[in-house]
Amino acid sequence: MEPTFTFRAQPALDVRKRELDAKRRELATAEWELRAARQLFTEAEQTLRDAHEKARETLSHAGVEQYVWHRVWIDRVERAKPAHAVTVAQRQDDVAKAAASCRRAKQRVDAMEKLKEKPMAAWEHEARLREQRDLDAL
């Protein structure tokens with residue numbers, strides 16, 4: 001039976017790979033939340049532009065009461081817009097933290113894989129030598 005290479009720290013490498021996968025999922029979630037927050041901010045800006053346009057139309061064609069209603073609506077949208085901007089900033093911060101965490105996890109996996117390479121290369125070299133000895137013996 002052919003001997004196989006065994007890396008004694010393989011369980012630790014597997015744990016670090018699972019951690020990296022989890023960090024990548026966290027990063028993807030943070031990026032998705034950032035896109036959603038940016039979309040809400042963009043929609044708030046568009047709603048504000050539409051509200052101003054509607055208010056101008058209402059002032060020229062309808063009564064003062066409808067214009068006042070539009071002004072109240074505009075005020076509400078203007079107050080909501082900075083809240084969306086704060087949310088976007090928070091989501092950007094979350095993405096930056098998740099990306100940094102993901103990079104650290106990747107570095108730990110890379111370090112473990114590098115530790116695995118040297119003994120694996122030595123084992124492969126030894127296996128080639130054994131095979132060559134067996135062929136020479138024939």
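Trainee: The expected span of a helix is 1.5 Å times one less than its number of residues. What should helix H1 span, and how far apart are its end C-alpha atoms?

Mentor: The 52 residues of H1, residues 10-61, should span 76 Å, and the end C-alpha atoms are 76 Å apart, so the two values agree. Helices are DSSP runs of H or I with at least four residues, strands are runs of E with at least two, and both are numbered from the N terminus. Bear in mind that this is a predicted model, where local features need pLDDT of at least 70 and side-chain atom pairs count only at pLDDT 80 or more, while totals for chains, interfaces and linings use all residues. Residues are numbered from 1 along each chain as its sequence is written, and side-chain values use heavy atoms, with hydrogens and water left out.

Trainee: Fine. Which residues of H1 are buried?

Mentor: Leu13, Leu20, Leu27, Ala30, Leu34, Ala37, Ala44, Leu48, Ala51, Ala55 and Thr58. Buried means under 20% relative accessible area, exposed is over 50% and partly exposed is in between, with a 1.4 Å probe and protein chains only.

Trainee: And what do the buried residues of H1 pack against?

Mentor: Helix H2, which runs over residues 64-137. A contact there has heavy atoms within 4.5 Å.

Trainee: Where do Glu113 and Lys17 sit?

Mentor: Glu113 is in H2 and Lys17 is in H1, so the bridge links distant parts of the chain, 96 residues apart. Glu113 is partly exposed at 29% relative accessibility, and Lys17 is partly exposed too, at 34%.

Trainee: What does Arg91 pair with?

Mentor: Arg91 pairs with Asp94, and the closest N and O atoms are 3.4 Å apart. Both lie in H2, and because they are three residues apart, about one helical turn separates them.

Trainee: Which residue does Glu126 bridge to?

Mentor: Arg133, with 3.4 Å between the closest N and O atoms. Glu126 is partly exposed at 33%, and Arg133 is partly exposed at 47%.

Trainee: Last topic, aromatics. How many pairs?

Mentor: One aromatic pair. Phe5 and Trp123 form it, with centres 6.1 Å apart and 55° between the planes, which is classed as tilted. Rings of Phe, Tyr and Trp (its six-membered ring) pair if their centres lie within 6.5 Å, and planes under 30 degrees apart are stacked, those over 60 edge-to-face and the rest tilted.

Trainee: What does the pair tie together?

Mentor: Phe5 lies in the segment before H1 and Trp123 lies in H2, so the pair ties together parts that are 118 residues apart in sequence. Trp123 is partly exposed, at 27% relative accessibility.

Key: Salt bridge = Lys/Arg side-chain N within 4 Å of Asp/Glu carboxyl O.
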